[in-house]
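Trainee: Could you take me through one part of this model slowly, the place where the two chains meet? After that, I would be glad to hear what else is worth a look.

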2 protein chains.
Amino acid sequence: MTREPLSLFDTTLRDGQQTHGVDFSLEDKRRIAAALDELGLAYVEGGWPGANPTDSDFFDSAPQLDTATFTAFGMTKRAGRSAGNDEVLAAVLNANTPAVCLVGKTHDFHVETALGITLDENRQNIRESFAHLVAQGREALFDAEHFFDGYKANPDYALACLHEALEAGCRWVVLCDTNGGTLPEEIGRIVSEVIAAGVPGEKLGIHTHNDTENAVAGSLAAVDAGARQIQGTLNGLGERCGNANLTSLIPTLLLKEPYASRFDTGIPLEKLGDLTRISRMLDDILNRVPNRHAAYVGASAFTHKAGLHASAILKDPTTYEHIDPAVVGNARVVPMSNQAGQSNLRNRLEEAGIVVEKGDPRLQHILDDVKRREDQGYAYDSARGSFELVARRILGQLPEFFDVERYRVTVEKRRNARGELITVSEAVVVVQIGGERIISAADSFFAESEADQGPVHALSAALRRDLGRYQDYIDDMKLVDFKVRITNGGTEAVTRVLIDSEDGAGRRWSTVGVSPNIVDASFQALSDAVVWKLIRDGASA
Amino acid sequence: MTREPLSLFDTTLRDGQQTHGVDFSLEDKRRIAAALDELGLAYVEGGWPGANPTDSDFFDSAPQLDTATFTAFGMTKRAGRSAGNDEVLAAVLNANTPAVCLVGKTHDFHVETALGITLDENRQNIRESFAHLVAQGREALFDAEHFFDGYKANPDYALACLHEALEAGCRWVVLCDTNGGTLPEEIGRIVSEVIAAGVPGEKLGIHTHNDTENAVAGSLAAVDAGARQIQGTLNGLGERCGNANLTSLIPTLLLKEPYASRFDTGIPLEKLGDLTRISRMLDDILNRVPNRHAAYVGASAFTHKAGLHASAILKDPTTYEHIDPAVVGNARVVPMSNQAGQSNLRNRLEEAGIVVEKGDPRLQHILDDVKRREDQGYAYDSARGSFELVARRILGQLPEFFDVERYRVTVEKRRNARGELITVSEAVVVVQIGGERIISAADSFFAESEADQGPVHALSAALRRDLGRYQDYIDDMKLVDFKVRITNGGTEAVTRVLIDSEDGAGRRWSTVGVSPNIVDASFQALSDAVVWKLIRDGASA
C-alpha cells in the first residue's frame, strides 16, 4: 500500500533556541543537526544567518546532512526596498542553503500595528521575497505568522497572503499559531477552510505552540484536516511554553492509527529505537534535568507505581502499556518494592557482568541501599558506573584497591612575575596501597586542555598520576565531562557531581558523588571512576 | 444566558499520588484539599481509604470543604462475595464521604486476564457495588477502566457495563483511557457513540492520561462530543506521564471559546488569579522544580525572548500573548538575550532604573558587548544583576568600589584530632579599597547551614566578612543558591556559575561568572553580587 508523504520539519535549532535559558553553541548545533538527520527528519532549520555570531558561524560551516534538507530562517523583505537590496534577507540567502523559510505577516492587525505598513505593502513584500528566493533556485517555505488569529479577524486578507506566497513559487505555506492560543478543534476547522479556499493540503504546513498544552493535538488536528507538514522541536523546546513536541509526535505518527497506515514521514520504524537516547542527549547538551513524565521517552513513561497495575503488568505488559517501551528505546520500570523490581535489578546487574540468583536476599539489600542513597541525592540512572560499585559492595565483590588518607586542593588568583592576574589550581593526594604510602601532586599545568584549569581537573590529575602498582591500568583514562547540580539530599541542599570518563579502548562510563562540598563530591566521583576502571580491566587488590 | 454545568473532578490526591516520587503526607493532603476547595472544584477525591495509613488517616479526619464534594476512591466488589461482605469496599464506605468513586473493568480482556472472572460476574460486581452505595445514600461515580480499549475490542460489553452502573443509580460514569494511548479524535468519536447508545452526556465523564501528550486535548474532545465531567490533577500529576492537567484545562475552559460562553464549571473567573500560586504551592509541597514551560502558569509562559516578539510586545502585549498573564496570576517577562533588540534592552534598563534615550549609540555597544560575552558562555537571561553591571560599565555608571589583589581557596580532606575524616574549606581574599589593603579569611565553619561547606561558600564568606567602609551595606546579604554548568565559550569548554543572592529587604538577584576554573567563575559572580548590592543601596565609591 502506498502511503502519503507527511513532511516533518524540525526547528529545534531556531524556534527551540528561543527557549528561555537555551543558548546553543556551535558544537551543540552540529551535534543536534547530525542527530536529527540520522533520525530521518525531512527538514532541519539551523537558525537565522546574520542574527547572531553562532548562527552565522553554523551556516558558514554547514553540516553535511544525508536525509534532511538544511534550511535557513529569515523574514520577508522590509518595505521600501527591493528583495535584492534587503541586507537582512541577503544574509539569509548568503548562507546558501537548499531551502529557506521566511516568516511574514498574515494578520492585518500585525501588519498595521507591529510593522506599520499598508496591507498591500505587506502582500508585495511576501510576493517579492519568495519570487527572489525561487529565482535563486531555493526551495521556499512561508511561515505565516499569526495565521489563525489573522484568519479569524480578516479571512480574505490572511488567505490572500498565502496565495501571494504560493503564486511566487513557495513549496510550503505553514500556518503558524504564533501565540499558541488556538485550540485543536478550531485549528482543524480553519485548516479545512483554507484547503477549501484553494490552498492544496500537500503544500500546507502547521506550526503550533504549547500555550494551552495542546500543541501536539493541534498538529494532529491540522493533519486530520489535510495539512501535510508539521513543524516542531525535539523535547518541545521553544519560546514561552514551547513548540509542538516532535519527540511525542513522531512515535504517534509511526505507531498509532490512522497515521501509521496512512502516512510516510520518511523516518524508518527502526529509528524510533533511538528516540529516547536523542531526547536525553539534547537535555544533556542543555544540562537540563530530563522530564521524567515526558510522553514515550520520559524515565517514568513506563513506570508502574500502582500496586494493581504492577501486578497486572507481570501477567501481561499490554494491560497497562499503550506501546512496547523498547520500540522507542525506553524501558519498563516496576518499583523496587516488589519482585518485578528485583528482576529489573538482575537484568541491570547482568549488563554489568554480575550474575545473582533469583530470590537472593541481597537483591533487596541493593534496592534498599540504592533508594536510600538516591534520597541523599545520588543519581544512579545516570551514573551506571557508581551503581555497579554500590551493588558490588553489598555482594562482597568490591576489591579495596586503595585507601585515601587525605587530599588538598588549592585555587589561587594572584599576579605572576610579569604582573598579570592568573589563576592556578593545585592538588595533592595521599593514598595507601597495601601498606605503601603514595603522595602525588598536580596543578593546572597538567590540564589536558586549556579549559581544564579548575580544581576538579587538578584533583583528577593528581589521583591518576601515581597509583603505584595500578598505574598501568589507569594511564589511558581521562576525565571527559563533569556536571554539577545542586540537589536535595534529605532536607538539605547538597552538590551532586557527575563525571564522565573515557579510556583508550573508547569505553565511556559515568560516576557520581554527593556532598555539601563540591570538591568532596567530585573526589567521590573521581575515585569511583578509577575503581570501576580497575575492576573492568581485571586489576586484583 | 444560562450556561450548562461542566463538572471538574480533581484526583490529585488519588491518581496524582501514583506519580513516581510523589508521596503525600497527611498535612500535604489537607493543604491541597483546602486549595482545591477554595479554587472551586466540584469534586475532590482524597485517596483510597484502607489502602495505606496516610489515606486512612486523611479520611478519619476529613477536611471541611465549602464547595467541593469530598470523594473516596475504591474498586467494585470482588466476585464470590456480596457487596456488603467485601472488606475492601467496606473500608471505603466507612470513610463516610458524600461521594464514592469506584473503579471497575469494562474491557473483556482485562476481566478475563487480570481479574480471571467471567464477563457476567464482572457485570454483577458493578451492579451490586453501586446498588450498595446508592442504598447507603452516597453519590456514586463509576471509573470505567480501560473503557476506550474495551469499547474497541467489544463495544457491546463495554456499553453493557456502563448501563449496569447507571441502572444501579450511578450519578456519573467516567470513561477512562487508562493506558493513555487513545488519541483525541478517537476519544471524541467514541464519546459520541456512547451518547448515541443511550448514555446521557450529563452523566458522562472523561479521565485521560498524557502518554501521547494529548490528555488535555482528549478531555476537550470528550466535552465537545457531549461529556460533562472532566477528571484531572493539578500540574498534571499522575502515573507514568501524568493525568489530564487541570491547571491547563481550567483557564482554557474559563477563558476560551466555545467553552467560556457555554459552560459553568463552578469556578469563578476571579479565582483564576490564584492558579499560578496554587500550582507553585503544589511544587513546593513536593519539593519539585516548577516546570518553567507549563501552559498558563509556567515562569516562562509569558517570557518573550525573540527580539521581534519583544519589540512588538512593547507596542501592544496582545501581539504575542494569547491571554493577559495577570488573569491567571502570572507575569510577563522580557528577558535579555543575544536575540534581543534595542527596544527590549531599553525596557530592561528601565526596570533597573537606568534611563537611556532612544537612539543612544551606547545601546548598540551594550548589545554588542552582551552578545560577545554570551558567546564566551555568560548567560544574561538568568543573571540580571550581572547584565546591569555590563550596561553600567558601558554607560560610565559603574563605580569602582574595590579592587581584588588576590584570593586563595583551599579544600582539604584529612583526619581530625579524633581520627575522623573531615573536609574543610578555607578562603583568603585580599582587596584594595581606596589605598587601604584589607585581608579577610573564612572557612567552612562560617557556613550559613550545614549544606554550605564548599569552597564557593568559603570564598563568599571571606569576601563579605570585611569590605572596609562598605561593610554596613553588605552585612545583610547572603548566598542562597548557586548553579554550575559546563558550557562552550568559543571553542573551549568553560564553567559557568550562576549565583543567587538575597538581602534583608527580601531582594533576590542573580549574577554570573565564566572561566575555565570553577572557583574563578564563582568569584566573578560573587564579586558582581556584592557590587550590585552596593549600587542598589547607594554606596559611593
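Mentor: Happy to. Where chain B touches chain A, 93 residues of chain B are in contact with 91 residues of chain A; two residues are in contact if their C-beta atoms, placed from the backbone, lie within 7 Å. The most on the chain B side comes from strand β11 (residues 403-415), with nine residues. Sorted by class, that side of chain B has 31 nonpolar, 34 polar and 28 charged residues. Here Ala, Val, Leu, Ile, Met, Phe, Trp, Tyr, Cys and Pro count as nonpolar, Asp, Glu, Lys and Arg as charged, and the others, Gly among them, as polar.

Before going on, please keep in mind that this is a predicted model: local features need pLDDT of at least 70, side-chain atom pairs count only at pLDDT 80 or more, and totals for chains, interfaces and linings use all residues. Residues are numbered from 1 along each chain as its sequence is written, while chains are lettered from A and ligands numbered from 1 in the order in which they are written.

Back to the strand. β11(A), also residues 403-415, pairs with β11(B) in the antiparallel sense over seven bridges. Strands pair if DSSP finds at least two bridges between them. Within this pairing, T410(A) has T410(B) as its bridge partner. The element names come from DSSP runs, with helices being H or I of at least four residues and strands E of at least two, numbered from the N terminus.

Chain A is divided into domain 1 (4-267) and domain 2 (403-536), with bounds from an automatic or database domain assignment. Taken over C-alpha atoms, the centres of these two domains of chain A are separated by 46 Å.

Next, consider helix α10 of chain A (residues 246-255). Nine of its 10 residues are buried, so the helix is largely enclosed by the rest of the structure. A residue is buried if 20 or more other C-beta atoms lie within 10 Å of its own, exposed if 12 or fewer, and partly exposed in between. Among the buried ones are L246(A), P251(A) and L254(A). The buried residues pack against several elements of chain A, including β2 (7-10), α9 (215-225) and α12 (275-286).

Some backbone details deserve a look too. Most residues other than glycine have a negative phi, and most peptide bonds are trans. The bond from E257(A) to P258(A) is cis, with omega near 10°, and P258(A) sits in the loop between α10 and α11 of chain A. In chain B, a cis peptide bond joins E257(B) and P258(B), with omega about 5°. E213(A) is not a glycine, but has a positive phi of about 65°; E213(A) lies in the loop between β8 (204-207) and α9 of chain A and is buried, with 27 other C-beta atoms within 10 Å. N235(B), not a glycine either, has a positive phi of about 55°.

Finally, in chain B, the axes of helix α16 (residues 384-395) and helix α19 (residues 518-536) come within 9 Å and cross at roughly 70°. These two helices are therefore roughly perpendicular, a label for angles of 65 to 115 degrees (under 35 is roughly parallel, over 145 roughly antiparallel, the rest oblique). Axes are lines fitted to C-alpha atoms, for helices over the stretch in contact, with angles from 0 to 180 degrees between N-to-C directions.
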